[in-house]
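Colleague: I have a model open and would like to learn how to read it. Could you take me through some features, with the general idea before the case?

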Amino acid sequence: MEVNVKNFGEVSFAEPCSIIDIIKMVNPDGLNNYVAAQINNESTLIDLRTTITTDCDIELLDTTRKECLSVLRHTTAHIMAEAVQNLFPEAKITIGPATDNGFFYDFDFRPFSREDLDAIEKEMKSIIKKATRLERREVTRDEALQMMQERNEPYKVELLEAIPEGETITIYKQNNFVDLCRGPHLLNTRPIKGFKLLSASSTYWRGDKNNKSLFRIHGTAFFTKEDLEAYLQYLEDIKNHDHNKLGRELEYFTTVDVIGQGLPLIMPKGTKVIMTMQRWIEDEETRRGYMRTKTPLMAKSDLYKISGHWDHYKDGMFVMGDEEKDKEVFALRPMTCPFQYYVYKNSQKSYRDLPCRYGETSTLFRNEDSGEMHGLTRVRQFTISEGHLIVRPDQMVEEFKGCIDLAKYCLKTLGLLDDVTWHLSKWDPTNTAKYIGDAETWESTQQSIREILTELNIPFTEDVGEAAFYGPKVDINAKNVYGKEDTMITVQWDALLAEQFDMYFIDKDGSRTRPYIIHRTSMGCYERTLAWLIEKYDGALPTWLAPEQVRVLPISEKFLDYAEQVTKTLQENGIEATIDRRNEKIGYKLRETRMQKVPYALLIGQKEQDEQLVSMWNRKDGDLGQSKLDAFVDAICKEIRTKSVELTLRKQAE
């Protein structure tokens with residue numbers, strides 16, 4: 001056999017041999033630096049223990065290659081699982097993959113404390129220090145089953161039982177620990193130079209909340225201690241920009257255990273921001289021809305059975321009552337669409353009446369898993385800028401474009417347009433039980449959305465299986481400070497639910513015709529958007545959104561009367577202004593103003609009082625000099641009116 005090893009040339013051998021043997025031929029001194037290989041330019045990483053049986057090209061990958069981090073981290077997950085079972089023999093192993101930023105492993109055990117994690121880290125260091133070898137073996141399914149039954153690992157047995165008989169199974173072993181795994185893995189633990197167990201959380205077996213609760217340990221690993229330290233510093237830095245920390249410190253929201261997880265209390269400052277956005281969105285929707293509705297927060301199960309939500313979404317709803325015992329069962333609404341359909345159905349509609357654009361600031365309820373909730377980004381009660389457009393089929397494309405335009409306008413105004421990605425969320429034709437409707441309808445509606453996005457020059461990706469059960473949609477997503485992607489805005493194409501609700505309009509020829517429906521949000525969930533804004537602007541919101549736009553700071557109590565007059569003038573002009581009446585030094589007041597991210601401050605002293613001036617200050621530049629109050633009011637009112645995302649009153653260049 002002839003094998004071409006990149007950077008080393010060709011080697012020949014008569015019998016099949018492992019990649020390890022090939023390394024010994026071409027670079028024996030570098031054996032401990034190699035992590036994996038790639039064959040014939042394919043991206044898949046191959047274990048170095050793999051036997052080569054045919055002519056091929058091989059590239060050897062060492063610890064400097066970024067893609068090898070997954071091998072390091074997967075091996076570290078196995079070491080962690082061994083350490084857990086060394087310390088807690090009753091813990092049962094499940095799965096433990098590498099991730100983009102580290103690794104995790106799920107255990108059937110009790111919750112892990114920080115003290116547990118520290119003890120596990122210590123045990124891992126002991127295993128790693130011994131340069132423990134990892135052995136790879138291929139066994140039959142029956143051999144693997146017997147092994148895991150003898151080791152009393154029920155989750156591994158369940159996984160194996162789902163594999164067809166006759167399949168070859170790969171196992172990896174280090175010391176007394178054995179795991180089912182395709183690999184690849186490190187040859188030994190020597191390359192693991194830096195690792196850290198970061199946190200623990202709860203989850204469910206196979207991600208299904210109907211299954212047993214498990215407990216997950218999250219960690220990360222690098223080939224050098226320096227890379228680990230840099231990553232841990234990065235995590236510390238982004239924590240300081242996490243809305244869950246910053247939003248609490250700035251008193252935008254809080255949570256209370258006795259109220260419940262995923263049920264945040266929006267504080268006065270956060271409420272003011274949400275109210276500002278809500279008024280803006282409602283006014284903009286009215287300008288675009290929307291009619292406002294106000295519908296109940298709950299409904300009988302009958303409504304959700306008509307829409308299909310009862311069959312497709314019941315597990316995500318808060319149900320009140322017992323179907324086996326109670327005459328009527330209610331549920332808090334997870335969406336507004338079926339309610340607005342009955343607003344439409346209240347009177348007969350002609351083709352001339354369409355489109356009907358209904359908008360509502362809707363409070364919704366969704367029974368999110370406890371492990372998924374975080375700050376304001378995923379909660380159990382939230383408010384959304386929801387809307388449903390009932391349109392003639394010939395109006396669908398233009399109205400859909402109008403919804404995309406509204407979303408883009410909202411994102412641009414908030415300064416977020418460049419931070420999003422666009423996705424065409426499609427059905428999964430291999431799992432039709434999740435959806436209503438036929439394949440022809442799904443394919444045609446997906447193609448219509450594809451053509452719209454292409455015509456509007458919007459770059460997008462296509463995601464299979466992410467559609468709603470009744471139709472495909474455009475999802476506009478953004479990442480939080482940790483890199484997790486959340487959906488901010490959706491626009492959904494629905495050619496099916498009008499049939500479910502017997503919705504129709506009288507067409508030109510007098511026939512009863514089914515309308516199409518667009519489900520959309522103009523800006524999405526207010527709570528999630530507030531979280532996004534806090535992280536985007538590091539808490540320093542644009543002036544038009546800031547809950548406190550100007551703080552008036554008298555230098556001493558003797559200037560308080562004039563400061564009160566200034567504050568009153570600002571407030572009369574619609575500016576969110578406050579006054580700091582405390583008898584504190586001005587430097588202290590300014591530092592606090594900057595820490596609380598207030599856009600502007602006006603300092604009031606002797607000269608300002610005598611000459612009816614104000615000394616201006618902003619959170620970026622500090623001192624801006626003096627101005628007549630009227631001039632400042634005109635300038636900041638323009639900044640607020642134009643919804644500038646930048647401070648417009650800035651220090652002039654010297």
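**Reading helices, a sheet and cores**

Modeller: Just after helix 12, Gly 415 has a positive phi of about 75°. Keep in mind that this is a predicted model.

Colleague: How many residues does helix 12 have, and which of them are buried?

Modeller: Helix 12 covers residues 396–414, which is 19 residues, and its first and last C-alpha atoms are 27 Å apart, close to the 27 Å expected at 1.5 Å a residue. Its buried residues are Met 396, Glu 399, Phe 400, Lys 401, Cys 403, Ile 404, Leu 406, Ala 407, Cys 410, Leu 411, Thr 413 and Leu 414.

Colleague: Where do the buried residues of helix 6 lie around its axis?

Modeller: The general idea comes first. An α-helix has 3.6 residues a turn, so residues three or four places apart point the same way. Now the case: in helix 6, Leu 228, Tyr 231, Leu 235 and Ile 238 are buried. Seen down the helix axis, the buried residues fall within an arc of 90°, so they line one face of helix 6. They pack against strand 12 (194–204) and strand 13 (213–222). On the other side of helix 6, Lys 225, Glu 226 and Glu 229 are exposed.

Colleague: What is the strand order in the open sheet of four strands?

Modeller: The order is 2-1-6-4, and the pairing is mixed. Strand 2 (9–12) and strand 4 (34–39) are at the edges with a single partner strand each, so one side of each has no neighbour in the sheet. From one strand to the next, the twist averages 30°.

Colleague: In which sense do strand 1 and strand 6 pair, parallel or antiparallel?

Modeller: Strand 1 (residues 2–5) pairs with strand 6 (residues 56–62) in the parallel sense, over three bridges. Val 3 stands opposite Cys 56 of strand 6. Helix 1 (residues 19–26) packs on this sheet and touches strand 1, strand 2, strand 4 and strand 6; its direction makes about 80° with that of strand 6.

Colleague: Why does Ile 39 count as buried?

Modeller: The cut-off for buried is under 20% relative accessible area. Ile 39 has 19% relative accessibility, so it counts as buried. Ile 39 is found in strand 4. Leaving out residues up to four places away in sequence, Ile 39 touches Ile 46, Ile 52, Cys 56, Asp 57 and Ile 58.

Colleague: Which residues have the most contacts inside the largest nonpolar core?

Modeller: They are Leu 570 and Phe 632, in a core of 73 residues. Helix 12 gives the largest share of this core, nine residues. Apart from it lies another core, of 42 residues, among them Ala 83, Ala 91, Ile 93 and Leu 235.

Colleague: Where should I look for backbone details in the loops?

Modeller: Start with the cis peptide bonds. One joins Gly 183 and Pro 184, with omega about 0°, and Pro 184 is in the loop between strand 11 (177–180) and strand 12. Another runs from Leu 354 to Pro 355, with omega near 5°.

Colleague: What is the phi of Lys 597?

Modeller: Lys 597 has a positive phi of about 65°, although it is not a glycine. Lys 597 lies in the loop between helix 17 (586–595) and strand 31 (600–604). With a relative accessible area of 22%, Lys 597 is partly exposed.

How values were computed:
Residues are numbered from 1 along each chain as its sequence is written. This is a predicted model: local features need pLDDT of at least 70, side-chain atom pairs count only at pLDDT 80 or more; totals for chains, interfaces and linings use all residues. Side-chain values use heavy atoms; hydrogens and water are left out. Two strands pair if DSSP finds at least two bridges between them. Helices (H or I, at least four residues) and strands (E, at least two) are DSSP runs, numbered from the N terminus. Axes are lines fitted to C-alpha atoms, for helices over the stretch in contact, and angles run from 0 to 180 degrees between N-to-C directions. Contact means heavy atoms within 4.5 Å. The expected span of a helix is 1.5 Å times one less than its number of residues. Buried means under 20% relative accessible area, exposed over 50%, partly exposed in between (1.4 Å probe, protein chains only). The arc is that of the directions from the helix axis to the C-beta atoms. A nonpolar core is a set of buried Ala, Val, Leu, Ile, Met, Phe, Trp, Tyr and Cys residues joined through side-chain atoms within 4.5 Å.
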